[in-house]
Amino acid sequence: MINSVKSTVMSVANKNNFGYITPEDFNLYAKQAQLDIFEDYFYQYNNWIIRQNNRTSNSSYANIVKNIEEVIETFSDTVALTYSSGEFVLPSDYYYLNTIRYNNTKEVDRVSQSKVLNLLASNLTSPSILYPSYTLEGDNITVYPSSIIANIKAQYIRVPLDPKWTYMSLSGGEPVFYQNANDYQDFELPATDEPLLVAKILQYAGMSIREGDLYTFGNQEEMKNKQQEG
């Protein structure tokens, strides 16, 4: 998909003499555009859940929620966490933490930093091997009781891999798309997001080269896509 997106972006820019977009700049804009759309999926999900709850008889809302869930689930991953200096280190690519499990079966309850001291101070509520808890701080979690130093896994939503349009340089010519490069990476969003990716990349390109018309065109295309989505 990335080559198709780039071809469309370059066609719009060249057709209107908006200036040349280098492969390096395109990759930067593509990365940010993908992140914008990825994060918007979570906003859409919450928005459609509210609509669904308010109008439970409309089955179309349930279908939309299901479709969004399926996209988000493509970024789901489960990994064993490394223990270091009293904490478990979360993966560097984590975006949203779903569940923490101990010994593959027992779900670890999350507690806030403000409540964990009260839990630990009481024999009745203090976390145990049977009922462990954890707190989240930055990219690390602390699991209670402190005797748990292994066998912790995290199920989380990761951020998309950075897209990269790779190419071969031609002597005296334009760069040619080369998909077999070791660092090639396509977009990880569904193909239905291609028009929105084009629109957002055009916006970033327009801001970068200070071309207001290009930004406006991209913004109009984005609004058109969102209107079609409902």
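**Salt bridges, cores and a surface patch**

Start with R158 and E188, whose side chains meet in a salt bridge, 2.8 Å from N to O. Keep in mind that this is a predicted model. R158 sits in strand β8 and E188 in the loop between β10 (176-177) and α5, so the pair ties together parts that are 30 residues apart in sequence. Are the two partners buried or exposed? R158 has 13% relative accessibility, so R158 counts as buried. E188, at 23%, counts as partly exposed.

In general, side chains of opposite charge can pair when their charged atoms come close.

Another joins D162 and K31, where the closest N and O atoms are 3.6 Å apart. D162 lies in the loop between β8 (152-158) and β9, while K31 lies in helix α2, so here the parts tied together are 131 residues apart in sequence. D162 is partly exposed at 43%, and K31 is partly exposed at 34%.

Now the interior. In soluble globular proteins, nonpolar side chains tend to be buried together. The largest nonpolar core here has 33 residues, and V5, V9, I21, F26 and I201 touch the most other members. Which helices each supply at least two residues of this core? They are α1 (2-15), α2 (23-54), α3 (59-73) and α5 (194-208). The largest share, nine residues, comes from α2. Apart from this core lies another, of 16 residues, among them Y102, V108, A154 and Y156.

Take V9 as a case. Leaving out residues up to four places away in sequence, V9 touches I21, F26, V198, I201 and L202.

Last, the surface. M168, L170, V176 and Y178 form a nonpolar patch there, with about 320 Å² of accessible area together. M168 belongs to strand β9 (residues 167-168) and is partly exposed, with a relative accessible area of 39%.

That is the end of my part.

How values were computed. Residues are numbered from 1 along each chain as its sequence is written. This is a predicted model: local features need pLDDT of at least 70, side-chain atom pairs count only at pLDDT 80 or more; totals for chains, interfaces and linings use all residues. Side-chain values use heavy atoms; hydrogens and water are left out. Patches are made of residues with over 30% relative accessible area and no salt bridge: like charges are joined within 9 Å, nonpolar side chains (Val, Leu, Ile, Met, Phe, Trp, Tyr) within 5 Å. Accessible areas come from the Shrake-Rupley method with a 1.4 Å probe; for residues, only the protein chains shown count as cover. A salt bridge is a side-chain nitrogen of Lys or Arg within 4 Å of a carboxyl oxygen of Asp or Glu. Helices (H or I, at least four residues) and strands (E, at least two) are DSSP runs, numbered from the N terminus. Buried means under 20% relative accessible area, exposed over 50%, partly exposed in between (1.4 Å probe, protein chains only). A nonpolar core is a set of buried Ala, Val, Leu, Ile, Met, Phe, Trp, Tyr and Cys residues joined through side-chain atoms within 4.5 Å. Contact means heavy atoms within 4.5 Å.
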